Amino acid sequence: MAQKISVTVDSVVFCKVNNQFKVLLIQRMKEPFKDEWALPGGFVNEGEDLETAAKRELLEETGVKVESMQQVQAFGEPGRDPRGHTISIAFLSRIFCEEDLKASDDAKDAKWFEIEKLHEMKLAFDHDEIINVAQQFL
């Protein structure tokens with residue numbers, strides 16, 4: 001019997017303002033983790049390239065379009081997603097904070113957060129771990 005494993009992508013988007021790095025987060029519109037803050041991302045469509053999926057999800061959820069992304073790492077700890085076994089490929093982008101944010105699709109809101117203040121928040125899934133790994137690439 002084939003095991004069902006889903007593949008998702010998450011985008012870690014950093015910008016720098018006054019020598020402080022900020023990260024782009026979305027507020028989830030649906031369960032799981034409804035109303036909690038998370039990285040923009042979602043499921044990869046069949047036949048879709050991973051980076052293409054990450055760019056699509058980022059644009060759909062935040063209105064931000066990026067030209068280039070860097071693949072960071074895969075995250076696949078069983079139980080990281082209550083919907084089932086999900087492997088997420090994380091991508092990193094660096095952009096200017098002046099980008100207009102427009103939450104849509106399954107995002108209720110989109111905002112920039114200072115990285116130093118993230119420890120005060122509980123992020124959805126394992127997104128705090130993903131951000132910590134991505135910070136090593138700054």
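**Notebook: salt bridges**

I started with helix α1 (residues 50-62), where Arg-56 and Glu-60 both lie, 4 residues apart, or about one turn of the helix. The model I am reading is a predicted one. I checked the two side chains and found that Arg-56 and Glu-60 meet in a salt bridge, 3.4 Å from N to O. Next I looked up how open Glu-60 is: its relative accessible area is 29%, so Glu-60 is partly exposed.

Then I asked myself how many salt bridges the count comes to. I got 10 salt bridges.

I turned to Arg-80 next. Its side chain meets that of Asp-10 in a salt bridge, at 3.9 Å from N to O. Why does this pair tie together parts that are 70 residues apart in sequence? I traced both ends: Arg-80 lies in the loop between β5 (70-75) and β6 (86-94), whereas Asp-10 lies in strand β1 (residues 6-17), so the pair links those parts. Are Arg-80 and Asp-10 buried or exposed? I noted both residues as buried.

My next stop was Glu-114, which forms a salt bridge with Lys-117. I read 3.9 Å between their closest N and O atoms. Glu-114 has 22% relative accessibility and so counts as partly exposed. Lys-117 is at 44% relative accessibility, and it also counts as partly exposed.

Last, I followed the shared partners. Salt bridges join Glu-48, Arg-56, Glu-57 and Glu-60 into one network.

Key. Residues numbered from 1 in each chain as written. Predicted model: local features only at pLDDT ≥ 70, side-chain atom pairs only at ≥ 80, totals over all residues. Heavy atoms only, no water. Salt bridge = Lys/Arg side-chain N within 4 Å of Asp/Glu carboxyl O. Helix = DSSP H or I, 4+ residues; strand = E, 2+ residues; numbered from the N terminus. Buried < 20%, exposed > 50% of the residue type's maximum accessible area, 1.4 Å probe, protein only.
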